[in-house]
Amino acid sequence: MPPRICQLCTKARAIIRRPKTGDHVCKECFFTVFETEIHNTIQDARLFKPGERVAIGASGGKDSTVLAYVMKTLNERYQYGLELFLLSIDEGITGYRDDSLETVKRNQEQYDLPLKILSYKELYGWTMDAIVEQIGRKNNCTFCGVFRRQALDRGAAALNVQHIVTGHNADDIAETVLMNIMRGDIARLGRCTLICTQGEDTIRRSKPLKYAYEKEIVMYAYFKKLDYFSTECIYSPDAYRGHARAFLKNLEVARPSVIIDIIHSGEAFEVAQDVKIKEQRTCVRCGYIASNELCKACTLLEGLERGIPQMGIRDGKRKKIEIEITDQKAESELRTIPMFKLPSVLEDSQRASANIDTETNSTL
């Protein structure tokens with residue numbers, strides 16, 4: 001059987017069958033279409049403005065490594081005018097994160113980008129190893145996910161950036177849609193497919209790889225010979241997401257387009273107007289965005305400090321638990337998260353917008 005010819009250039013030998021489209025393409029054409037599709041995603045969503053300071057969430061894994069490489073490439077090719085940084089979070093997982101951070105440090109040298117590393121120990125006084133030792137492996141991903149999200153914002157604030165980009169790919173987003181459906185989480189289901197999120201008191205966060213298949217990201221990293229860390233987190237095999245991932249992979253075998261189909265379905269979901277969703281507010285203890293008096297991170301940290309980690313997970317029993325443990329440890333003795341402060345570039349932007357609104361209203 002003669003070798004297949006690339007369906008795009010019709011000249012070179014095809015060595016890849018794209019999981020996303022089924023097209024047989026050569027290596028160079030694959031690089032071109034992969035990068036162009038990400039550029040089109042960025043342009044269609046108008047993710048960036050010239051002069052923005054952008055932090056790339058860097059874990060050392062395939063997704064964040066490909067994101068960093070492609071962001072640097074596209075920024076130079078299309079003259080986005082962005083100032084790029086690498087931002088890594090050290091969760092304190094021995095034998096996993098310490099090794100992956102070595103990959104990130106090599107990426108810093110390879111891509112010539114500034115790097116900021118912020119640790120859970122520095123911010124919360126706990127490592128994930130210590131948390132798992134206390135709570136076991138059943139709910140450890142809940143703690144890590146909440147702590148990581150806030151740590152990224154705090155790291156971005158330390159870098160004084162306006163924008164964070166993360167390596168969430170199409171598979172990740174489709175899994176999240178399925179997870180929110182299975183949990184009946186209407187609030188998250190309504191926003192989990194957004195390519196960009198930002199509240200008044202948060203840093204803008206985007207997913208340039210939203211429509212990129214995980215398999216194609218792996219192939220891009222392999223053929224580009226990118227330096228990345230491929231070991232899975234030692235605490236993640238028991239995560240709830242694993243069930244959604246296994247289900248999605250089974251669906252993909254029968255229908256390769258199912259990943260994009262699920263994302264488009266999620267984008268089409270609309271929350272009915274009569275459904276009550278908690279309004280966002282500010283945590284009274286650390287100043288971070290919250291839906292209750294305390295943000296989720298402060299609630300989880302208080303549970304750890306009091307020796308009752310279930311306190312942050314069982315929201316319905318929170319008041320009862322607090323009453324039971326009031327005499328055990330005074331609130332002033334608890335370790336707390338430092339007050340959150342927006343980057344100065346965002347504060348300046350907000351003040352400028354407020355001045356414009358004031359001038360407009362006075363003119364009217």
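## The model

What you see is a predicted model, where local features need pLDDT of at least 70, side-chain atom pairs count only at pLDDT 80 or more, and totals for chains, interfaces and linings use all residues. Residues are numbered from 1 along each chain as its sequence is written, and side-chain values use heavy atoms, with hydrogens and water left out.

## The whole protein

There are 14 helices and 10 strands here; helices (H or I, at least four residues) and strands (E, at least two) are DSSP runs, numbered from the N terminus. Of the protein's 364 residues, 48% count as buried, meaning under 20% relative accessible area, while exposed means over 50% and partly exposed lies in between (1.4 Å probe, protein chains only).

## Helix α10

Now for α10. Ala244, Leu248 and Glu252 are buried in this helix. They sit on the same side of α10, because they cover an arc of only 75° around the axis, taken from the directions from the helix axis to the C-beta atoms. The face turned away from that buried side carries exposed His243, Asn250, Val253 and Ala254.

## Its neighbours

The buried residues of α10 pack against α7 (170–183), α9 (214–223) and α11 (258–268). With α11, the packing angle is about 120° and the axes are 9 Å apart. On the α10 side, the contact (heavy atoms within 4.5 Å) is made by Leu248, Leu251 and Glu252, and on the α11 side by Val258, Ile259 and Ile262. Axes are lines fitted to C-alpha atoms, for helices over the stretch in contact, and angles run from 0 to 180 degrees between N-to-C directions.
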